[in-house]
Amino acid sequence: MLSGRRLDLLDPSPLDIEIVDIAHGLARVARWNGQTAGAHAFSVAQHSLVVEEIVARSIPDPRWRLAALLHDGPEYVIGDMISPFKNVLGTDYRAVEHRLQAAIHLRFSLPTRLPAEVAGAIKAADKVSAFFEATMLAGFSPKEAAGFFGRPKGEPVPPDRFAPRAAGEVDVAFLHRFNEIDAALQP
């Protein structure tokens, strides 16, 4: 990692995980395999910021907002793969992904297994973001996106959240949001 840490992918240690590496990596990993409109890729870091914002509307606890921000954390190392391809790779890929997520959670004092309500809220927010990404950036019709992700309910996400931004800018925004949530977690 750029921080100088060496991360064992098969047996990741929470001690080798740094937020600067996560922010840097996720800001440079493109959602939709880069097949999106705009001068910049819509990154996993930008997606994570949207998901955290949606979760924060219904779950104000900073622990769970942090879990939402880090929900795609393993992708800073292994990249973003579309779900059908993950299914082709099978359980070995998912096992690596789960071990990395557990190590990330331990590093930032989150439980390795989230409460069902929190995990469900993050998954729902992930689908809301994916719907808007699909329709605003990836060329899906609303009907087609609804077939994959469902129709978003509740308060809409401001469209500007889906304007792809430069990697360096998103890296800084991700770290800033992490620091805000981390400060809220301090006694």
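Buried means under 20% relative accessible area. Keep that cut-off in mind for this predicted model.

**Helix α2**

Start with α2. This helix has 15 residues and reaches 22 Å from its first C-alpha to its last. That is close to the 21 Å expected at 1.5 Å a residue. α2 is mostly covered, with 11 of its 15 residues buried. Among them are Val44, Ala45, Gln46, His47 and Ser48. Leu49, Val50, Val51, Glu52, Ile54 and Val55 are buried too. What do these buried residues pack against? Their partners are α1, α3, α4, α7 and α9.

Ser43 sits in the loop between α1 and α2. Is Ser43 buried or exposed? Its relative accessible area is 2%, so Ser43 counts as buried. Beyond its neighbours within four places in sequence, Ser43 is in contact with Leu26, Ala27, Val29, Ala30, Arg31 and Val170.

**The largest nonpolar core**

Nonpolar side chains tend to be buried together in soluble globular proteins. Here the largest nonpolar core has 51 residues. Ile17, Ile22, Leu70, Phe108 and Phe174 touch the most other members.

The largest share, eight residues, comes from α7.

Now look at Leu70. Not counting residues up to four places away in sequence, Leu70 touches Ile19, Ile22, Gln101, Ile104, Phe108, Leu110 and Phe174.

Definitions and conventions:
Residues are numbered from 1 along each chain as its sequence is written. This is a predicted model: local features need pLDDT of at least 70, side-chain atom pairs count only at pLDDT 80 or more; totals for chains, interfaces and linings use all residues. Side-chain values use heavy atoms; hydrogens and water are left out. A nonpolar core is a set of buried Ala, Val, Leu, Ile, Met, Phe, Trp, Tyr and Cys residues joined through side-chain atoms within 4.5 Å. Buried means under 20% relative accessible area, exposed over 50%, partly exposed in between (1.4 Å probe, protein chains only). Helices (H or I, at least four residues) and strands (E, at least two) are DSSP runs, numbered from the N terminus. Contact means heavy atoms within 4.5 Å. The expected span of a helix is 1.5 Å times one less than its number of residues.
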